[in-house]
Amino acid sequence: MNNSFCLIEHFSENCIAPPTDTAIIDVGTDTSMTYHELDVASGRVYRYLTEHGIGREDVVMILLPRSAKPFAVIVGVWKAGAAYVLLETNHPAEKREFIKRDANCKLVVDENVFDEMMQRDILQGYKTADPHDLSYIVYTSGTTGNPKGVLHEYGTQFFSVKRLFEKDTKQLYAYGDRVLLATPLSFTATIMAFHQIVS
């Protein structure tokens, strides 16, 4: 690993011991996903993204219902060193189209695309992102006009992914705790909670 920050290394460590621990519980469908299963699913996403030329700082729009699926795509996007913008499926179509254009999204991952991804072979490994590379975008509600995107880098901004993974960052909960994720998937608070799954 070079001097740039690579969050996937943290995730990989969690997938080694013990990989059968539960990472995500989907109460809507009464199903769960272990760290190993999350690693496998994200490896399939990584393969699909690579096949479609998605790499560093390319933006992928995630448009999936609340479940474990969006999080598997997030990890797969990060394995590719790319970035994502995540929207709720109930967002108005005009808002989705505006954000798709504004963020210059190279790919939209909906249910059909996700199903295609899960048919791919797993691609092992990951690409190491530069600290200044884009990791995700959060958009405002747009109630006072067009939504505005806030860019988050892998390792340099206050809300960067690196800061979320720093060892001195206060943990929101302890290993083994179960946490109900009530915030919208597109909120930074959701990413702050999710980072503790993969860190």
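User: What order do the strands of the open sheet come in?
Analyst: This is a predicted model. In it, five strands make up an open sheet, ordered β5-β3-β4-β6-β7, and the pairing is mixed.

User: Which strands stand at the edges?
Analyst: Those are β5 (105-109) and β7 (149-153). Each has a single partner strand, so one side of each has no neighbour in the sheet.

User: And how much are neighbouring strands turned against each other?
Analyst: On average by 25°, if you ignore direction.

User: How many bridges join β3 to β5?
Analyst: Four bridges join them; β3 covers residues 59-62, and the two strands run parallel. Within that pairing, I62 stands opposite V109 of β5.

User: Switching to aromatics. How many aromatic pairs are there?
Analyst: The count is two aromatic pairs. One of them is Y84 with Y136, which is stacked, at 5.7 Å centre to centre and 15° between the planes.

User: Where do Y84 and Y136 lie?
Analyst: Y84 is in strand β4 (residues 83-86) and Y136 is in strand β6 (residues 134-139), so their pairing ties together parts 52 residues apart in sequence.

User: Are Y84 and Y136 buried or exposed?
Analyst: Both Y84 and Y136 are buried.

User: Which residues form the aromatic cluster?
Analyst: W78, Y84 and Y136 form one aromatic cluster.

User: OK, charges now. How many salt bridges?
Analyst: Five salt bridges are counted. One of them joins D39 and K79, whose closest N and O atoms are 2.7 Å apart.

User: Which helices do D39 and K79 lie in?
Analyst: D39 lies in helix α2 (residues 35-51) and K79 in helix α3 (residues 69-79), so that pair ties together parts 40 residues apart in sequence.

User: What is the relative accessible area of D39? And how does K79 count, buried or exposed?
Analyst: D39 has a relative accessible area of 23% and is partly exposed. K79 is at 4% relative accessibility, so K79 counts as buried.

User: What about D133, where is that?
Analyst: D133 is in the loop between α5 (111-117) and β6. With a relative accessible area of 6%, D133 is buried.

User: Which side chain does D133 meet in a salt bridge?
Analyst: The partner is R56, with 2.7 Å from N to O. This pair links distant parts of the chain: D133 is in the loop between α5 and β6, R56 is in the loop between α2 and β3, and they are 77 residues apart.

User: How does R56 count for accessibility?
Analyst: R56 counts as partly exposed, at 48% relative accessibility.

User: What else is D133 in contact with, leaving aside its neighbours within four places in sequence?
Analyst: Apart from those neighbours, D133 is in contact with R56, E57, H152, E153 and Y154.

User: One more salt bridge, please. What does E111 pair with?
Analyst: E111 forms a salt bridge with K69, and the closest N and O atoms are 2.9 Å apart. E111 sits in helix α5 and K69 in helix α3, so the pair ties together parts 42 residues apart in sequence.

User: How accessible are E111 and K69?
Analyst: E111 counts as partly exposed at 31% relative accessibility. K69 is partly exposed too, with a relative accessible area of 26%.

Notes: Residues numbered from 1 in each chain as written. Predicted model: local features only at pLDDT ≥ 70, side-chain atom pairs only at ≥ 80, totals over all residues. Heavy atoms only, no water. Phe/Tyr/Trp six-rings, centres within 6.5 Å; stacked < 30°, edge-to-face > 60°. Buried < 20%, exposed > 50% of the residue type's maximum accessible area, 1.4 Å probe, protein only. Pairing = 2+ DSSP bridges. Axes fitted to C-alpha atoms, helices over the stretch in contact; angles between N-to-C directions. Contact = heavy atoms within 4.5 Å. Salt bridge = Lys/Arg side-chain N within 4 Å of Asp/Glu carboxyl O.
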